[in-house]
Amino acid sequence: MGRTSETPHKPTAEGRSAPRSDTTEDVGEPVRTHGNGRQRSATAGTDVQRERILQAATQLFAAQGYAHTTLAQVAQSLQVTKPFIYYYFRDKQEIFEVLSWRPTVDCFTALDFADDDPRPAAQKVVEGLRRLIRATVMHYPAAFFPYREPQVYRPEYNAAMKKLAHHFYDKLTPLLEQGRRDGHLDFNETRLTALAACSLPGFLYSWYRPGGRLGPEQIVDELTVLATRVIGLRTGAG
């Protein structure tokens, strides 16, 4: 693939996609520099305050769900007023989408290697799957919000997320097929194999919690091994 220049940023609140770069290397913070609240310019200080709000909201969304979390609760947890939050964010939905977009970008740009990367296709696939799994684990719990509450997002947000997912799979499927031609991978249906391998981190939301017997990196290692079995990685090829 890929349609790198078509990889989107998060749509603006007006339903239009924010300006896109020519490469997914620049895909990052999904909101405009000044935010969608009353803030008009970003500084180091305002960035810190935005992050405080996002972190507090993350914990409340994770514990209570979207519907049962209010901006008043977010403000109370930070010992600030609701107008303080509205200065940085338009509403609760924008906060939820910002939190969800960060892991989405990290996951679906996991295969964005340099054009001159000389590694065999199978090695790129394994590295991409590891990045995808790690991004899902490290962005706990925000990475799980789309699985838990898909009804929350605006149609424009869902369209942008779907387009970014296509960007990922448009890179993964040809790499899988090249790895098979190279004799490094063994599978039958390309699309089914891609979806099955990537479903491993997708189901983390139903059982993963930090603080278990295995640490985050151990979880990443174990799931990566399972993913390599799905794609039929041959010994010594990864």
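These legends go with a set of close-up views of a predicted model.

**View 1. Helix H5 packs against helix H7.** Here we look at residues 121-138, which make up H5, and residues 155-181, which make up H7. The two axes sit 8 Å apart and the packing angle is about 140 degrees. That angle makes H5 oblique to H7. As for handedness, H5 goes past H7 in a left-handed crossing. On the H5 side, the residues in the contact are Ala121, Ala122, Lys124, Val125 and Leu132. They meet Phe168, Leu172, Leu175, Leu176, Gln178 and Gly179 on the H7 side. Sort the residues of this contact by class and you get 8 nonpolar, 2 polar and 1 charged.

**View 2. Helix H5 also crosses helix H9.** H9 covers residues 216-230, and its axis comes within 9 Å of the H5 axis. The crossing angle is roughly 140 degrees, so H5 is oblique to H9. This crossing is right-handed. H5 brings Val126, Leu129, Arg130, Ile133, Arg134, Val137 and Met138 to the contact. From H9 come Pro216, Glu217, Ile219, Val220, Asp221, Leu223, Thr224, Ala227 and Thr228. The class tally for H5 with H9 is 10 nonpolar, 2 polar and 4 charged residues.

**View 3. A salt bridge joins Glu51 and Arg102.** The model has 7 salt bridges by the rule used here, and this is the one between the side chains of Glu51 and Arg102, at 2.5 Å from N to O. Glu51 belongs to helix H1 (residues 44-64) and Arg102 to helix H4 (residues 92-108), so the pair ties together parts that lie 51 residues apart in sequence. Glu51 is partly exposed, with 29% relative accessibility. Arg102 is partly exposed too, at 22%.

**View 4. Asp117 pairs with Arg119.** In this salt bridge the closest N and O atoms are 2.8 Å apart. Asp117 has a relative accessible area of 17%, and since buried means under 20%, Asp117 counts as buried.

**View 5. Glu97, Arg154 and Glu156 form a salt-bridge network.** Zoom in on Arg154 and Glu156, and you find a salt bridge with its closest N and O atoms 3.6 Å apart. Arg154 is buried, at 14% relative accessibility, whereas Glu156 is partly exposed, at 32%. Glu97 is linked into the network along with these two residues.

**View 6. A cis peptide bond runs from Tyr140 to Pro141.** The omega angle of this bond is near 0 degrees. To find the spot, follow the chain into the loop between H5 and helix H6 (145-148), where Pro141 sits.

**View 7. Gln79 has a positive phi.** The value is near 60 degrees, and Gln79 is a residue other than glycine. Look for Gln79 in the loop between helix H2 (71-78) and helix H3 (82-88). With a relative accessible area of 76%, Gln79 is exposed.

Key:
Residues are numbered from 1 along each chain as its sequence is written. This is a predicted model: local features need pLDDT of at least 70, side-chain atom pairs count only at pLDDT 80 or more; totals for chains, interfaces and linings use all residues. Side-chain values use heavy atoms; hydrogens and water are left out. Axes are lines fitted to C-alpha atoms, for helices over the stretch in contact, and angles run from 0 to 180 degrees between N-to-C directions. Helices (H or I, at least four residues) and strands (E, at least two) are DSSP runs, numbered from the N terminus. Angles under 35 degrees count as roughly parallel, over 145 as roughly antiparallel, 65 to 115 as roughly perpendicular and the rest as oblique. A crossing is left-handed if the near helix is turned anticlockwise from the far one by less than a right angle, and right-handed if clockwise. Contact means heavy atoms within 4.5 Å. Ala, Val, Leu, Ile, Met, Phe, Trp, Tyr, Cys and Pro count as nonpolar, Asp, Glu, Lys and Arg as charged, and the others, Gly among them, as polar. A salt bridge is a side-chain nitrogen of Lys or Arg within 4 Å of a carboxyl oxygen of Asp or Glu. Buried means under 20% relative accessible area, exposed over 50%, partly exposed in between (1.4 Å probe, protein chains only).
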